[in-house]
Structures are given as structure tokens and as C-alpha cells.
Amino acid sequence: MEVRRMPHIQLPENLGINYAVLPGDPARVDRAARWLEESRPLAFNREYKSVSGKFKGVPVLIMSTGMGGPSTAIAVEELHKIGVKAAVRVGSCGALQPGLRPGELVLVTGAVRDEGTTLGYAPLSYPALPDVDLLCACRDSAERLGFPWHMGIARSHDCLYRDENPEIYEQWSKKGVVASDMETASLFVTGSIRGMRTASVLNVVSAWGGQVSQDIGSYAAGQEKLLKGEEREILTALTALVQLDHMMRT
């Protein structure tokens, strides 16, 4: 009998991997894969590039989700259908508070749903929250690895080049929101509704008062401190998933 593959991520329903690390950028998949044992490429369709392997003996999938809420929700939906139980986003963010520096990590405790994708799943009264056990595992991992980290609320949005962005950032900063990205709310809401444990670990690529749309170019150009932050978030996510696996087994 032919094994069914998911239409977008192009992974088989019998993949048999419980844990996933989800960068946005397909190029980040290759950089994350170097931390895996027995790494092997799986698929690359549209924005969804995937690699499997093991980290400290635990089977792990690394798969890109593309940019924004819609592609992230599709990724979560199809990963759920092939049996993935827990996923950690490793993405970039702009700081909304002055104490966050480029290359530091933000462990997201909840997301402002200032985007459109999640409205297709639930009204705005439904919260966008991570799994508590997985979030705590991310915190423990970052602490144990000695990485600089912060915890707080992120705002997910759809419009990187919106004319009113400076005023919008200021508004959310005054409300205590610490970072801004485009995917976390979609990950949390879709994951919660489908019963998948999720967490989001973000790499600060733009300091408070910077131009996120321009600073992201420094990341793409390989600025050292931003790539260091990427390494930190990947190792934090992988280590957290190993901790979660141990917790679930014991």
C-alpha cells in the first residue's frame, strides 16, 4: 500500500518522529542540521525544507515553515497529521524593550494575536500560549547552556513594512510586550487546537529603536552576533526537546 505524503511539507504519514525544530528560513535548516547525528535530507517543497537526525540519541525533525502565519499554520497542521507531538520555533524578532540586545534569546510566554491567520481558528478571546512543560524546558536549557535569555510576551503581525509600524511598536512596548515576530501566534494557536506541544525561542536581530526591516538584512548577510544568536536558539530548542522526551518517558 502506498504511503500517503502531506501535500505541502511532502513528508510521509509514517515518518515516526515525535519532535520538531521549526526555523522560518529554509537556509537555517542546513545550519541547524550540523548539530544532528545521522542527519539526512527529507524533502524541499515550496518553503518547507526538512532534515531528520538525532540529537543526544533522540530522533528530531528540522523543518522550515516559511514567512508568516499562514505557512506556519499549514506546517503545524501537516506535522500533526504525521504524528509530531512537540515543536519549537527558532526564529528572529525585533526587540520592543531597551534591555534586549542582538544575539540574545526571547522565550515567549504568550503572543499578541495581531495577525489574521489565527482568526480562522478561534476568536481573539482565545489565548496564544505555549505548552508550559516545553517552555520550562527551553528556559532550563538556555540557563544550563549559559545563553543570555529573556522571557515575555511577543506580538505577532503580518505587515513588516507598514507605514505606522514605529507608532505600533511604541504602543505595544508601553504594554510590556518584549518582542515582535510574524509566526509565534499562529504556531501557538494551531498547536493548542490540534493538541501539539509548542514553544517559541526567538533570536533578537534588531534592538529597540532599530529598523527591523533593515536589520534583518544584517542577519541574512551573516553578521556574527546574529548567527551566534541563531546557534543559541537552535541548541536551546534541541536540548529542550531532549528534556521533554526524558520527562515523557519517566
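Which ring does the charged end of Lys175 sit over? The ring belongs to Trp172, and the charged end of Lys175 lies 5.9 Å from its centre. A charge counts as sitting over a ring if NZ of Lys or CZ of Arg is within 6 Å of the ring centre and within 35 degrees of the ring normal.

A word on the ground rules. This is a predicted model, where local features need pLDDT of at least 70 and side-chain atom pairs count only at pLDDT 80 or more, while totals for chains, interfaces and linings use all residues. Residues are numbered from 1 along each chain as its sequence is written, and side-chain values use heavy atoms, with hydrogens and water left out.

**Salt bridges**

Side chains of opposite charge can pair when their charged atoms come close. The structure holds 16 salt bridges, each being a side-chain nitrogen of Lys or Arg within 4 Å of a carboxyl oxygen of Asp or Glu. Here are some of them, with burial given as buried (under 20% relative accessible area), exposed (over 50%) or partly exposed (in between), using a 1.4 Å probe and protein chains only.

| Salt bridge | Distance, N to O |
|---|---|
| Arg4 and Glu13 | 3.3 Å |
| Glu230 and Arg28 | 3.3 Å |
| Glu183 and Arg89 | 2.8 Å |

The side chains of Glu230 and Arg28 meet in a salt bridge. Glu230 lies in helix 7 (residues 224-249) and Arg28 in helix 1 (residues 26-33), so this pair ties together parts that are 202 residues apart in sequence. Helices (H or I, at least four residues) and strands (E, at least two) are DSSP runs, numbered from the N terminus. Glu230 is buried at 4%, and Arg28 is buried at 6%.

Glu183 and Arg89 also form a salt bridge. Glu183 sits in the loop between strand 8 (179-181) and helix 5 (184-194), and Arg89 in strand 5 (residues 86-95), so the pair ties together parts 94 residues apart in sequence. Both Glu183 and Arg89 are buried. Through shared partners, salt bridges join Arg28, Arg31 and Glu230 into one network.

**Around Glu115**

Glu115 is found in the loop between strand 6 (105-114) and helix 3 (132-145). Glu115 is buried, with a relative accessible area of 6%. Leaving aside residues up to four places away in sequence, Glu115 touches Ser156, His157, Asp158 and Ala185, where contact means heavy atoms within 4.5 Å. The side chain of Glu115 also reaches the backbone nitrogen of Thr117 at 3.0 Å.

Terms used:
A polar contact is a pair of N or O atoms within 3.5 Å; within protein, one must be able to donate a hydrogen and the other to accept it, and residues adjacent in sequence count only if both atoms are side-chain atoms.
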